[in-house]
Amino acid sequence: MWAILSILVENKPGILFKITHLFRARNFNIDSISVGTTENPDYSKMTITTYGDEKRIEQIVKQLDKMIDTVKVEHLDEHKTVFRELSIFKIKLSNANDSMEVNKLANAYGGKVHDVKKDSMMVELTATPDQIKAFEELARPFGILDVARTGVAALQRSGA
């Protein structure tokens with residue numbers, strides 16, 4: 001099961017290490033992690049995605065909740081949550097036709113094209129991880145030279 005964890009923490013040095021160490025100590029893998037200061041600079045919000053059965057997810061949530069520096073820990077329901085990830089792909093261009101085809105692909109996924117060169121172009125895509133994976137599969141035949149991904153950012157919908 002894929003899980004999205006939202007963790008509100010005190011904005012102090014070392015908290016990222018403490019959280020990731022807890023995952024490592026419990027032999028739990030982090031699929032993605034994003035961290036940013038909230039509207040209150042005393043706090044940061046971490047969004048961590050991971051895989052595990054329901055029992056293991058509950059265990060890690062309980063362990064996170066016990067930590068002194070954590071204020072609030074939530075296991076978000078992906079059906080009641082808005083979540084997105086930013087990715088940037090550097091795609092190989094073998095000919096002029098490739099440029100048009102990659103541009104069409106980027107537009108189909110709501111991507112933005114940047115840094116078009118003779119032999120490559122960059123596509124910025126903000127989407128769900130599944131949409132990014134689908135884009136990546138369609139772009140693979142052109143040749144993906146490099147990719148950078150931010151990790152998931154998520155907020156639960158109002159009234160959820």
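## Domain organisation

Domain bounds here come from an automatic or database domain assignment. The model is predicted, and the assignment of its chain gives domain 1, covering residues 2-76, and domain 2, covering residues 82-156. The C-alpha centres of domain 1 and domain 2 are 28 Å apart.

## The interface between the domains

Contact between the two parts involves 10 residues of domain 1 and nine residues of domain 2. The size of an interface is often expressed as the accessible area lost when the parts come together. Between domain 1 and domain 2 the buried area is about 670 Å², and carbon and sulfur atoms give 63% of this area.

Polar contact between domain 1 and domain 2 is counted for two residue pairs. On the side of domain 1 that touches domain 2, at least two residues are supplied by each of strand S1 (2-10), strand S2 (32-37), strand S3 (43-51) and strand S4 (70-76). The residues of this side of domain 1 comprise four nonpolar, four polar and two charged.

## The setting of Ser-87

Ser-87 belongs to strand S5, which spans residues 81-92. The relative accessible area of Ser-87 is 0%, and the residue is therefore classed as buried, since the class requires a value under 20%.

When neighbours within four places in sequence are left aside, the residues in contact with Ser-87 are Val-123, Glu-124, Leu-125, Ile-132, Ala-148 and Arg-149.

How values were computed: Residues are numbered from 1 along each chain as its sequence is written. This is a predicted model: local features need pLDDT of at least 70, side-chain atom pairs count only at pLDDT 80 or more; totals for chains, interfaces and linings use all residues. Side-chain values use heavy atoms; hydrogens and water are left out. Contact means heavy atoms within 4.5 Å. Buried area is the accessible area (1.4 Å probe) that two parts lose on being put together, summed over both. A polar contact is a pair of N or O atoms within 3.5 Å; within protein, one must be able to donate a hydrogen and the other to accept it, and residues adjacent in sequence count only if both atoms are side-chain atoms. Helices (H or I, at least four residues) and strands (E, at least two) are DSSP runs, numbered from the N terminus. Ala, Val, Leu, Ile, Met, Phe, Trp, Tyr, Cys and Pro count as nonpolar, Asp, Glu, Lys and Arg as charged, and the others, Gly among them, as polar. Buried means under 20% relative accessible area, exposed over 50%, partly exposed in between (1.4 Å probe, protein chains only).
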